Protein chains: 2
Amino acid sequence: MGRAPSGRPTSFDIAYLAGVSQPTVSRALRGDRSVSAATRERIQRIAAELNYTVDKNASSLRSQRTHTIALLFFEDGTDENLINPFFLAMLGSITRACANRGLDLLISFQRMEDDWHTRYQDAKRADGLILLGYGDYALYAARISQLVAQGTHFARWGSIRSDRSGATVGSDNLGAGRLAGEHLLESGRRRIAFLGHADEHYPEFAHRYDGLCEALRAAGIEPDPALQFDALTNEDAGYRAASALLASGRSFDAIFAASDLIAIGAMRALAGASRRIPADVAVVGFDNIPSAGLTTPPLTTVQQDISGAGDRLVETVLAQIEGRDPPEPRLPSRLIVRGSSSAI
Amino acid sequence: MGRAPSGRPTSFDIAYLAGVSQPTVSRALRGDRSVSAATRERIQRIAAELNYTVDKNASSLRSQRTHTIALLFFEDGTDENLINPFFLAMLGSITRACANRGLDLLISFQRMEDDWHTRYQDAKRADGLILLGYGDYALYAARISQLVAQGTHFARWGSIRSDRSGATVGSDNLGAGRLAGEHLLESGRRRIAFLGHADEHYPEFAHRYDGLCEALRAAGIEPDPALQFDALTNEDAGYRAASALLASGRSFDAIFAASDLIAIGAMRALAGASRRIPADVAVVGFDNIPSAGLTTPPLTTVQQDISGAGDRLVETVLAQIEGRDPPEPRLPSRLIVRGSSSAI
DNA sequence: CGGAAGATTGCATACGTATGCTGGAAAGCC
DNA sequence: GGCTTTCCAGCATACGTATGCAATCTTCCG
């Protein structure tokens, strides 16, 4: 019945010591009911004594299940050394969600141009993928449909309205935009500028803008397209967008920025132009990054449900793998009111 | 010569199509010189056409090398949902270092109490470990020697003077503390308080304090132990430590905080007590987290060589795995001077 | 032209686990 | 008591790759 122990223990060693066959060990350790309780306990005890652990490689090879998820970040070239703080928070949440389910997490940063779409699941490294990244949506839309075509299990963080194919999980950006808009309207603002791209290349931002517009219209105000300025999600872009807004000469009494980093850049520009916040201009950001509480004045912002997001993303991937129905993909957000948007 | 292709391609399928044996395919794809250039190219072409990728599980099982490193974060209970920004930056750097070397990165957050010391390398999931975490050093010193005893390959981020066993990579905390001290002395400060633990439980902080003391003595000033206040690395602790300092009634004209988070908390306390920064009190932090540039006034701080750190950590683990000599473990830091510490 | 060295490739097998199938024993049923 | 059913465990094998060794073919040299 098997060979004697030697070196790092294998299931054969346990089998030898327990006086059973290797398959019985395998079954016992996975809690298979077809092993009697008595032998199961004996085997588990011996395994514990020997500090035995199942070899993941052998196990994955045989069962074709890795119990691992690969998390793929990507950013389009910019910010080589800095990671978007929002994604970092997300990373924490995803890690926890995986740990809770006994999954391992592989992590990798990708440039948009890499062939990330094939590397992990094909190499049997992971059972599924989670995709995370800002950037021009059009650039990876093609990759995504390729993933769908290949039958890759994946979930992605993004805007839900824009792609029905593939499993996308995301905040209710439309509702969140409306929330921000209503808050600014309630505090008496009427001319609300939006800093952030608002086209189909950046659907998340676009939906936030749409939500703002909805709130304005509901209050009987027709949105002014001239108050929308493009900005990608970093501080410099926010500074430039706000500078352009100031230079345009148009009057405005509030700024809704598509991200906190944009908002922070904008506040710098406003300070440079001696506009007082919130007296002259109210500012609302998006994401509630740690720095948001530290600006002067502290930044009012929209907080996404990050800890829910990790859970939802992991659950969505698992649902695909196991053929279950995916969970609700849309997550609520809430407004964090701070000093940058007090009433006039 | 092997069976015909079916389903996801294997090395047998490639072999069949190329009219060679499976071992030859394996050798060709790994660039083994013992395969003639002609066949190697033919095989590579066919493999590319079929979108073939080596099955990592099978490969790892056979070769006993995973080409994967496991990154283990841990924090002692506090901050369940927030991750220390410094470690996040580190994560980015480590990820990049792994990618550059073709390594995969497994990531996992651990509580100090878990049995992380056995889970990864024993299960053959990773060739080596990187350990990252603040917390009471005494708490995991035992685990670390256990790792060493087991022959686990690992590198850890920490303070170098305090443990010779195992491979520790870290900043030159002593030198960095001296740097901060000299800067404050040059700007005319004489009574410099230190906020952060300074005992053997937190060797990194202790060495920063030691560096400060060295600088003081070199300037002919005997350090006043009453100006040192314990603080763990978060904002609240900084606030409390600074409050205690203020309440002590002792005079001081500068604060050197063991981390930026502590510094930020301290600045809040100073503002509450109407002490002007830097006119009344200069403040220097440590880490240069993103928020450091956003405080009012912007925080002078010490920047560790994070991108070098990731590289060094990965290299140290690899050196152990491959039996090479480890690289120099000590990394230099530099001072980032901002508004919080201008001359009086 | 014989033999040795070198270059290529194939053969056999190992890595450690999981699982379909078979077989024997115990238990339940009429 | 003979039958079916249930429970438990073993046998055989597959997962896909990497590698020591033997075998073949070239080439080269005396």
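Tutor: We will go through the chains, a sheet, some helix pairs and a few backbone details.

Student: What should I know before we start?

Tutor: This is a predicted model: local features need pLDDT of at least 70, side-chain atom pairs count only at pLDDT 80 or more, and totals for chains, interfaces and linings use all residues. Residues are numbered from 1 along each chain as its sequence is written, chains are lettered from A and ligands numbered from 1 in the order in which they are written, and side-chain values use heavy atoms, without hydrogens and water.

Student: How are chain A and chain B related?

Tutor: Copies are superposed by least squares on the C-alpha atoms of residues with pLDDT of at least 70 in both. Here, a rotation of 180° with 0.0 Å of shift along its axis puts chain A on chain B, with an RMSD of 0.1 Å. The two copies are thus related as by a two-fold rotation axis.

Student: Through which surface do the copies meet?

Tutor: Contact means heavy atoms within 4.5 Å. Of the interface residues of chain A, 100% are also interface residues in chain B, so the copies meet through the same surface.

Student: How do I read a sheet?

Tutor: Strands of a sheet pair through backbone hydrogen bonds, either parallel or antiparallel. Two strands pair if DSSP finds at least two bridges between them. Helices (H or I, at least four residues) and strands (E, at least two) are DSSP runs, numbered from the N terminus. In chain A, 6 strands form an open sheet with mixed pairing, in the order β7-β6-β8-β9-β10-β12. Its edge strands are β7 (228-229) and β12 (333-336) of chain A, and each pairs on one side only.

Student: In which sense do β8 and β9 of chain A pair?

Tutor: Strand β8 (residues 254-257) and strand β9 (residues 282-286) of chain A pair in the parallel sense, over 3 bridges. A:I255 stands opposite A:V283 in β9(A).

Student: Which helix runs at about 145° to β6(A)?

Tutor: Axes are lines fitted to C-alpha atoms, for helices over the stretch in contact, and angles run from 0 to 180 degrees between N-to-C directions. Helix α10 (residues 235-247) of chain A runs at that angle, about 145° to β6(A), and lies across β6, β7 and β8 of chain A.

Student: How do α2 and α3 of chain A cross?

Tutor: Angles under 35 degrees count as roughly parallel, over 145 as roughly antiparallel, 65 to 115 as roughly perpendicular and the rest as oblique. The axes of helix α2 (residues 22-29) and helix α3 (residues 37-49) of chain A come within 9 Å and cross at roughly 90°. Therefore α2(A) and α3(A) are roughly perpendicular to each other. A:T24, A:V25, A:A28 and A:L29 of α2(A) meet A:R40, A:I43, A:Q44 and A:A47 of α3(A).

Student: And in chain B, at what angle do α8 and α9 cross?

Tutor: Helix α8 (residues 173-186) and helix α9 (residues 203-218) of chain B have axes that come within 6 Å and cross at roughly 45°. That makes α8(B) oblique to α9(B).

Student: Where is A:N288?

Tutor: A:N288 is in the loop between β9 and β10 of chain A. Its phi is near 55°, a positive value in a residue other than glycine.
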